[in-house]
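Subject: Structure for your review

Hello,

Here is the structure I said I would pass on. My notes follow below it.

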Amino acid sequence: EKKNIVQQSGILEFFHSKESIESVGGLDNLKKWLKLRRRAFTVKARDFGLPTPKGLLILGVQGTGKSLTAKAVSSLWHLPLLRLDIGKVYGSLVGESEGKMRESLQYAEAISPCILWIDELDKAFSGLDGTQGDSGTSSRVFGTFLTWLQEKDKPVFVVATANNVAHLPSEMLRKGRFDEIFFVDLPNEEELKEIIKIHI
């Protein structure tokens with residue numbers, strides 16, 4: 001039923017994650033953080049007064065397991081995974097892009113609790129410096145997303161990935177947008193052994 005709701009949006013993709021947290025080699029601090037918070041969406045946690053987790057930003061070089069980790073969160077927390085493709089948000093009519101962004105976020109809230117995965121966040125909002133001549137559309141779409149990220153009260157956990165922190169707007173990194181920001185580097189010797197063991 002939730003999958004049918006998501007398909008109506010045309011922007012969100014219902015992702016069937018088959019990856020477990022055991023598929024991720026290394027990244028012990030990140031995995032520990034996720035395991036500690038997996039019960040934060042339960043009724044018991046809400047009754048206790050724990051704040052609902054907002055999201056997680058994973059930064060790092062290509063090929064270091066950022067997207068794999070995003071998929072693994074869904075399996076670990078037993079929550080549906082939705083992928084938001086920012087490229088599909090942009091339309092040709094004035095105000096259409098902002099409307100599509102608001103609509104897709106409303107769809108995510110409608111089927112919450114869920115995980116909202118946004119891949120390559122640094123590239124998604126690359127037109128914010130005004131050099132692409134989009135008449136401020138990127139800025140308005142970004143503003144809509146940022147306001148929602150700050151003010152949302154529904155249990156939608158955002159997992160965003162990015163390669164280059166320098167390309168991310170400073171507003172995105174402000175405390176309160178995401179619960180935590182993790183940097184993912186190339187694996188060390190012990191982590192490489194763990195990754196090889198998983199693959200063989």
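Where is the place of E22? E22 sits in the loop between β1 and α2 (28-36). Please keep in mind that this is a predicted model. E22 has a relative accessible area of 57%, so it counts as exposed. Its C-alpha atom is separated by 9.5 Å from that of L76, although E22 and L76 are 54 residues apart along the chain.

Nonpolar cores

The largest nonpolar core has 34 residues, and the members that touch the most others are L116, L121 and F125. Two or more residues of this core come from each of β1 (12-15), β2 (55-60), β3 (81-84), α5 (96-110), β4 (114-118), α6 (121-124), α7 (137-151) and β5 (156-162). The largest share, six residues, is given by α7. Apart from neighbours within four places in sequence, L116 is in contact with L12, L82, L84, L105, A108, W148, V156, F157, V158 and V159. There is also a second, separate core of 22 residues, with I21, L56, V73 and W77 among them.

Helix α7

The 15 residues of α7 should span 21 Å at 1.5 Å a residue, and the end C-alpha atoms are 21 Å apart, which agrees. Its buried residues are T137, S138, V141, F142, T144, F145, L146, W148 and L149. The cover over the buried residues of α7 includes α5, β4 and β5.

Surface patch

V165, L173 and I181 make a nonpolar surface patch of about 210 Å². Of these, I181 belongs to strand β6 (residues 180-184). I181 has a relative accessible area of 35%, so it is partly exposed.

Salt bridges

The whole structure contains four salt bridges. One of them joins E13 and R83, whose closest N and O atoms are 3.7 Å apart. Because E13 is in strand β1 and R83 in strand β3, the pair ties together parts that are 70 residues apart in sequence. Both ends are partly exposed, E13 at 34% relative accessibility and R83 with a relative accessible area of 24%.

In helix α8 (residues 189-199), E189 and K193 lie four residues apart, about one turn of the helix, and their side chains meet in a salt bridge of 3.9 Å, N to O. K193 also forms a salt bridge with E190, with the closest N and O atoms 3.6 Å apart. Shared partners join E189, E190 and K193 into one network of salt bridges. E189 is exposed at 57% relative accessibility, as is E190 at 54%, while K193 is partly exposed with a relative accessible area of 45%.

Regards

Terms used. Residues are numbered from 1 along each chain as its sequence is written. This is a predicted model: local features need pLDDT of at least 70, side-chain atom pairs count only at pLDDT 80 or more; totals for chains, interfaces and linings use all residues. Side-chain values use heavy atoms; hydrogens and water are left out. A nonpolar core is a set of buried Ala, Val, Leu, Ile, Met, Phe, Trp, Tyr and Cys residues joined through side-chain atoms within 4.5 Å. Buried means under 20% relative accessible area, exposed over 50%, partly exposed in between (1.4 Å probe, protein chains only). Contact means heavy atoms within 4.5 Å. Patches are made of residues with over 30% relative accessible area and no salt bridge: like charges are joined within 9 Å, nonpolar side chains (Val, Leu, Ile, Met, Phe, Trp, Tyr) within 5 Å. Accessible areas come from the Shrake-Rupley method with a 1.4 Å probe; for residues, only the protein chains shown count as cover. The expected span of a helix is 1.5 Å times one less than its number of residues.
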